[in-house]
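Here's a quick briefing to read alongside the structure. Take a look at the chains first, then work through the points below.

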Amino acid sequence: MPKKKKEWIAMLLAGGQGSRLCSLTGKIAKSAVKFGGKYRIIDFTLTNCVNSGIDTVGVLTQYQPHLLNEYLGTGVPWDLDRMWGGLKILPPYQRQHGADWYRSTANAIYQNIDFINRYDPDYVIILSGDHIYRMDYRKMLEYHKEKNSDCTIAVLDVPLSEAGRFGIMSTDNDGRIIKFTEKPKIPESTKASMGIYIFGKDKLISYLEADDADAESSNDFGKNVIPSILAAGEKLYAYEFEGYWKDVGTVSSLWEANMDMLGPDPKLNLNDKDWSIYSRQDSRPPQHIGRLAVVENSVVTEGCEIYGSVINCVLGSGVRVMSGARVRDSVLMDDVLISEGARVDCAIVDTGAVVGAGARVGAVRDESIPLSDVPVTVVGSEVILPSGCEVTPYEKLVMV
Amino acid sequence: MNAAGLIFSNIHDTTIPELTRTRTMASVPFGCRYRLVDFALSNLVNAGITKVGIITHNNYKSLLEHLGSGRDWDLEREFGGIKILPPHITSYENTTRGQVYSSRLEALIAVTSFISECGEENIVLSDCDVICNIDLADVLDMHSRRGADFTIVTKRVSPAVRYLTPRATVILTDGDGRINDLAEYTSEDSKKAEIEVSMNIMVARKYYLLKLIEDAVAHGHISFEHDIIGRRLGEDKFIAYRHEGYYAPVNSLESYYRCSLDLLDPSVRRRLFGIPDRPVMTRHKNLPPTKYMTGSRVVNSLVADGCVIEGLVENSIVFGSVKVGRGAEVRNCVLMGDTYVGEGAELYCVVTDRNVIIREGRRLSGHETLPFFIGKGVSV
């Protein structure tokens, strides 16, 4: 196998804790959280890489990596088990002169400059493992080359009312970024950064080195590196992405993104054969829908057994909904058991949790409230709710 | 585990010509997401066997695609793993045995080198016509403990259940489980309350098996069961291992249909898929979860991933990526992968092979005793 230089490689930031996902990330990294019945959040970004022809992906891990490491393995499910390149897990490591945790996004990449240099790529694309979207990065790379850009940032047009939550770009008519403000109080534009950057390798390395040398810097791409590149007068361009994109960093956004899979014309359509999402799966028997079951407007996967009523739900593998149980507007992760007569509304029930007979979780969805404002109840992984208990909306349960 | 596996992928192909026209018996789709070879392979792997030869002689494209590198059964190994054994003709002895083998014995003769190169003490021979989840470690344990030359896995069945018996090999044992006789199923057997039949899963000591093969070549024998085993029952130690779990032989389209719908019985699923530490493994396909649309109704059915259900599905087995359109009614059917059922179509007791298209409003029906079969890629 010739060890040829690569045109581009991806660096995927997957070390985040995702503290706003509460108990869902108590024991696993944010990018390993289950999504859409069969997937984990990181599958979307990895699939984008593979479908964009990127064959070398460094995955930077730090927080609770065991499940993520096992899940990624040698990268087989994404066709990334390669002799030269492929998927490589990059945890923090010890050097000749000391050792350090990944302190921030830019610092994590900085600590892996040797990895990048090994493949001598012309370009490096920086990604994060906690967004749900389908994107062909090749188009962004073409744009980057066409503009002869030093750094290209993918942006999404967001409603003005939400712009304050993002890094906002102001551009000239050519798409060149003239101003970048992280979470502005009064947004000047609606072009929000998606946290996807393409750099020329040499530019990236020189700015990372400069950033690391700056004692004042908090070593964050959005806060420090991008503003300093802009201040230096380099060419930064905004690449406008159109399509579905969601940061699933909070309980309600995770729930909402799952709900986006439902309906006759879903915002997030995973049945597109030209862009299948790849994931690692166990062998489970087919799903069984019982005689008195009701399953409507829901997605259900392998190993599920449904005897009760499931409406507007996303079910992970091995979920059992017993007779007389009613589940609505909810996300049930793997191996959840909803016992006889239990009711679950507007909830995320994490892996292996048991809702006892006749228990009541969450409140009936008020159809007048928009999806993003629905109060979502979380039942943590392996939690066992006793029969007849009640869990009110917004309550967060963790395993003690 | 001190054993290697040997799977016969083509034996019994002729019993279901409808399904084996373009594939081996081993790659006949079954139970929403499996192929028959999955049961044989999973049984071997769950017993800790990591070297499996798969004998195949024709129609094996679908089998090779399904097996791939063996990764999905954890059989992608540096040492052992899956070895596909297609027919080959050597440069020196190519005329007399140049034809593709047709019997078990001819197949065994062809793979003698695989057997003799195995370092394992025992060889597990398995066909693909039986659906079961069996503890082969226990079979091997008994085989060794009793110092057997040859062990045949058997199942006691009632001849009254008609689909269990055609083409079965009936085994007669003494009280100690030693095999006295074996013969084809006859009308005499049908009068008995219970008979013991071979499950076509056997364990042989490697050197004993090689001796049998060598002997068969020397004498020009043809039938493994009758010429070889039959003649040696008195001299050598042949014992029966009685399987107590679920057993279903697939020996006709009718029995295929019956076995498929049997999966709707929770006790059958429990005995086949619910045994701890003995999962049935299969090739992993990247299918999205199945979508049940508003207005759909699914009753007592098994469904694989990747489907979109808008109509009614009742008492049916639905494979991956099947579409059932609005207002369509599917009852007592087996719909294989990528079947498309158009709006308002009505199907009753129909078995569709893969990639079948049933156009809008078509009405097709078979009967519980004889399903209506639609071949691969046909559109109605």
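Where chain B and chain A touch, the contact (heavy atoms within 4.5 Å) takes 38 residues from chain B and 38 residues from chain A. Keep in mind that this is a predicted model, where local features need pLDDT of at least 70 and side-chain atom pairs count only at pLDDT 80 or more, while totals for chains, interfaces and linings use all residues. As for bookkeeping, residues are numbered from 1 along each chain as its sequence is written, chains are lettered from A and ligands numbered from 1 in the order in which they are written, and side-chain values use heavy atoms, with hydrogens and water left out.

**Between the chains**

- Together, chain B and chain A bury about 2900 Å², and 46% of that is on carbon and sulfur atoms. Buried area here is the accessible area (1.4 Å probe) that two parts lose on being put together, summed over both.
- There are four salt bridges between chain B and chain A, a salt bridge being a side-chain nitrogen of Lys or Arg within 4 Å of a carboxyl oxygen of Asp or Glu.
- A:Asp81 and B:Arg71 meet through their side chains in a salt bridge, at 3.7 Å from N to O.
- On the side of chain B that touches chain A, the residues split into 17 nonpolar, 13 polar and eight charged. Nonpolar means Ala, Val, Leu, Ile, Met, Phe, Trp, Tyr, Cys and Pro; charged means Asp, Glu, Lys and Arg; the others, Gly among them, are polar.

**Strands across and within chains**

- Strand β18 (residues 298-300) of chain A is joined to β14(B) by three bridges, and the two run antiparallel. Strands are DSSP runs (E, at least two residues) and helices are too (H or I, at least four), numbered from the N terminus; two strands pair if DSSP finds at least two bridges between them.
- A:Val299 has B:Lys291 as its bridge partner in β14(B).
- Over in chain B, five strands make an open sheet with parallel pairing, in the order β15-β18-β21-β24-β27.
- β15 and β27 (363-365) of chain B sit at the edges with a single partner strand each, so one side of each is left without a neighbour in the sheet.
- In chain B, β18 (residues 312-314) and β21 (residues 329-331) run parallel and are joined by three bridges, with B:Val313 opposite B:Val330 in β21(B).

**Salt bridges overall**

- Over all chains, the count comes to 52 salt bridges.
- One of them joins A:Lys5 and A:Asp120, with the closest N and O atoms 3.6 Å apart.
- That pair links distant parts of the chain, 115 residues apart: A:Lys5 is in the segment before β1 (8-13) of chain A, and A:Asp120 is in the loop between α4 (113-119) and β8 (123-128) of chain A.
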